[in-house]
Amino acid sequence: MELSRRRFLQVAGLGTVAASGALSLVGCSGSGDGDKGSASASTGGSDKPVIFYNRQPSNSSTGELDMTTLNYNKNTYYVGFDANQGGELEGQMVADYIKAHAAELDTDGDGMIGYVLAIGDVGHNDSIARTRGCRKALGTGVEKDGAIQSDAVGTNTDGTATVVQDGTIKADDGKEYTIRELASQEMKTSAGSTWDAPTAGNAISTWASSFGDKINVIVSNNDGMGMAMFNAWSKENKVPTFGYDANSDAVEAIGQGYGGTISQNPAVQAYLTLRLLRNVFDGVDINTGISEADDAGNVLSEDDYKYSEDERSYYAMNLAVTADNYQDFLDATALYDGASAQLDADTKKVWLSTYNSADNFLGATYKPLLKKYQELLCLDVDYVDGDGQNESNITNKLGDPSAYDGFAINMVKTDNGASYTSILG
Ligand code: BGC
């Protein structure tokens, strides 16, 4: 029986020496050629690990989790971040900014602060949580069936919309201001791509040309759209713009007037996405290198993520990035401090999809992190990018699942888990 490299080092009593890097033995072995040679016995057939990430299998109308997909086999998990905590944090960041700067934001002195909101995807849990978090913190949300509505309002410069209402905020200077959501729109192309940055750039230009003097704050469900709006209009017009993701370009822009962003702890997510695969391949406890340190010393702090057994989901925790701390977040692709040590393991072959090659967060932040972690975790990853519109553009490229040891999936639409699991068998 062939011993894996890691097992060999343990048997030989060299594990800790190897982990410290004193021996050149540490590293990856084998070519990672899927079932055709390297798949471990414990992950054969339909028990191969399947990690959904960033787009949680769920009903895009109700948000209800798709537990059939999440329980596809015993090695199926979701990796994302705590969408509600993040959405509330973004809303709070905007509200705190308004409270501290209300008098200067209210340029025409009418006691009203107007904002516009860029919505990413009305059927995506993350997007919904951010819209709700913003409306909740600013007092503009209107509840329906026990939850704040997250639909786009269109234009509401006169305050007559019913999806939102005018809110009130007491500023730090003691004065009360009315807060109005002047407009919001899902940033979707006519071909169907969501979270679309160019669409957001066009939207702010259109809004600004008809009611620009009323726009005091811009809120965006992500930095890709936020930066498009910043570059198209708000930088020049000095209107604070808030986004989400803490992509490097957005963090840097905080020094030039971008209002702030939220880090969804992408290093933790990229690590978890690949680490869960690794742990299944190795047949070790699923929390190795996560809640428990591995042989190389990799471990996550319990403050940075949580696991919900019922939801089969790992969630990274979010952090607010503002003018006060942005210097610490300038490199969005920096590895997680406690989990950056090389493993000593057999290389395994992974198929990984992203829903849209044009997505800013996945392209600029998540994928570069995956590429760093795949080396440390001895994974040979085939990346497949979609067009953001049709699931089949991705699933077509999964012709031979038997060539892979495991799968990491980012769907175009959160409802479509079965499009993948049906191919996996
Ligand atoms: C990110 C967005 C991204 C989306 C893609 C979200 O979690 O914040 O920037 O466009 O995921 O699914």
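## Helix packing, domains and ligand shell

Helix H6 (residues 197–211) packs against helix H7 (residues 223–234) at an angle of about 40 degrees, and their axes are 8 Å apart. H6 is therefore oblique to H7, a word for angles that are not under 35 degrees (roughly parallel), over 145 (roughly antiparallel) or 65 to 115 (roughly perpendicular). Axes are lines fitted to C-alpha atoms over the stretch in contact, with angles from 0 to 180 degrees between N-to-C directions. Helices are DSSP runs (H or I, at least four residues) numbered from the N terminus.

This is a predicted model, in which local features need pLDDT of at least 70, side-chain atom pairs count only at pLDDT 80 or more, and totals for chains, interfaces and linings use all residues. Residues are numbered from 1 along each chain as its sequence is written.

The chain is divided into domain 1 (13–77 + 268–316 + 332–424) and domain 2 (85–263), with bounds from an automatic or database domain assignment. Their C-alpha centres lie 33 Å apart. In contact (C-beta atoms, placed from the backbone, within 7 Å) are 16 residues of domain 1 and 18 residues of domain 2.

The ligand is surrounded by residues that include Asn54, Arg55, Trp195, Tyr244 and Phe361, where near means a C-beta atom, placed from the backbone, within 6 Å.

In the table, Ala, Val, Leu, Ile, Met, Phe, Trp, Tyr, Cys and Pro count as nonpolar, Asp, Glu, Lys and Arg as charged, and the others, Gly among them, as polar.

| Region | Residues by class |
|---|---|
| Shell around the ligand | three nonpolar, four polar, four charged residues |
| Side of domain 1 that touches domain 2 | three nonpolar, eleven polar, two charged residues |

Key:
Helices (H or I, at least four residues) and strands (E, at least two) are DSSP runs, numbered from the N terminus. Two residues are in contact if their C-beta atoms, placed from the backbone, lie within 7 Å.
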